[in-house]
Amino acid sequence: MNTSVKIGNTEFTNPILTASGTFGYGKEFAPFMNLDAIGGFCTKGISINPRKGNPEPRICETSSGMLNSIGLENCGSAHFLETILPEIAGYKTRIIVNMYAQSVEEFKTLTEILDAEKRIDCYELNLSCPNVKSGGISFGTDPKIVEEVTSTVRKTTDKTVIVKLSPNVTDITIPAKAAENGGADAVSLINTLAGLEVDVKKKQFALGNIIGGLSGAAIKPVALKLVWQTAKAVKIPVIGMGGISKLDDVLSFLMVGAAAIQIGAANFINPSISEELAVELKSYLQSENKTLQDITGILL
């Protein structure tokens with residue numbers, strides 16, 4: 001059973017990927033699963049220099065999910081390339097580096113820094129984080145900047161370029177088309193929904209940054225709608241995510257047009273969930289005598 005998916009010039013052995021910010025740098029999950037069993041994983045967002053992130057508390061549970069306000073804390077590009085990448089380079093699975101920058105020029109510089117490493121397969125441009133004061137969602141809501149950032153990175157690298165989109169916009173197809181016009185090989189969506197929570201007992205906001213990103217089961221219907229709309233609006237592949245925790249969720253995203261999916265919050269509940277779903281998807285296709293292409297986009 002062939003479950004491979006090609007996005008840009010990168011071929012994934014299957015469409016099960018993990019979402020940035022929920023899978024560390026990959027190595028953290030190696031004790032719990034076979035990393036080579038999945039198509040690929042996204043690293044935490046990497047910036048040129050290390051970031052401390054937002055004030056604590058950074059995470060709180062909600063009725064059907066969680067709010068996070070990590071603020072893109074990361075080790076920086078130098079430490080990633082010198083220390084972390086050598087630890088994960090031996091895996092066969094695809095490595096997608098999520099990139100965060102605060103200007104077009106920074107994105108170009110970061111791409112140049114990372115591009116020297118052949119083991120990095122893809123870049124995912126974070127133009128959609130809802131809990132940082134600059135970059136992130138401030139980029140993703142402006143289609144002109146989306147196109148400019150994408151075009152700049154596209155001209156700087158031959159690697160696969162994925163643009164991560166925010167749901168916190170009026171019409172997600174507008175930045176999606178801007179990314180396509182800028183030369184993106186794919187778009188990934190959705191990033192978290194902006195929200196906040198109150199700690200009633202302490203009479204204060206639950207997060208130190210006040211605003212956080214909502215993920216988990218609660219956002220799946222929203223994510224499905226936006227993936228469906230985007231898949232109809234662009235010709236490049238769409239990578240879907242949002243509330244995926246079981247096989248039916250994976251199939252739902254594929255049926256509405258996603259070429260691949262990313263698993264996010266569910267990694268915190270079951271650290272081997274991505275491998276399990278890769279196995280379940282293959283078994284499902286075999287039992288139904290279907291190919292991946294037979295079910296992808298059947299509801300478009």
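This briefing describes a strand barrel and the helices packed around it. The structure is a predicted model, in which local features need pLDDT of at least 70 and side-chain atom pairs count only at pLDDT 80 or more, while totals for chains, interfaces and linings use all residues. Residues are numbered from 1 along each chain as its sequence is written, and side-chain values use heavy atoms, with hydrogens and water left out.

**The barrel**
- Eight strands, in the order β3-β4-β7-β8-β9-β10-β15-β16, form a closed barrel with parallel pairing, where strands are DSSP runs of E with at least two residues and two strands pair if DSSP finds at least two bridges between them.

**Strand β10 and its neighbours**
- Strand β10 (residues 186-189) is covered on both faces, with Ala186 and Ser188 buried on one side and Val187 and Leu189 buried on the other; buried means under 20% relative accessible area, with a 1.4 Å probe and protein chains only.
- Strand β9 (residues 160-164) pairs with β10 in the parallel sense over 3 bridges, and Val163 has Val187 as its bridge partner in β10.
- Strand β15 (residues 238-241) also runs parallel to β10, joined by 3 bridges, and here the bridge partner of Val187 is Val238.

**Helices α6 and α7**
- Helix α6 (residues 220-233) and helix α7 (residues 247-255) pack at about 25 degrees with their axes 9 Å apart, which makes them roughly parallel, a term for angles under 35 degrees.
- Their contact, meaning heavy atoms within 4.5 Å, involves Lys220, Ala223, Leu224 and Val227 of α6 together with Asp249, Ser252 and Phe253 of α7.

Methods
Axes are lines fitted to C-alpha atoms, for helices over the stretch in contact, and angles run from 0 to 180 degrees between N-to-C directions. Helices (H or I, at least four residues) and strands (E, at least two) are DSSP runs, numbered from the N terminus. Angles under 35 degrees count as roughly parallel, over 145 as roughly antiparallel, 65 to 115 as roughly perpendicular and the rest as oblique. Buried means under 20% relative accessible area, exposed over 50%, partly exposed in between (1.4 Å probe, protein chains only).
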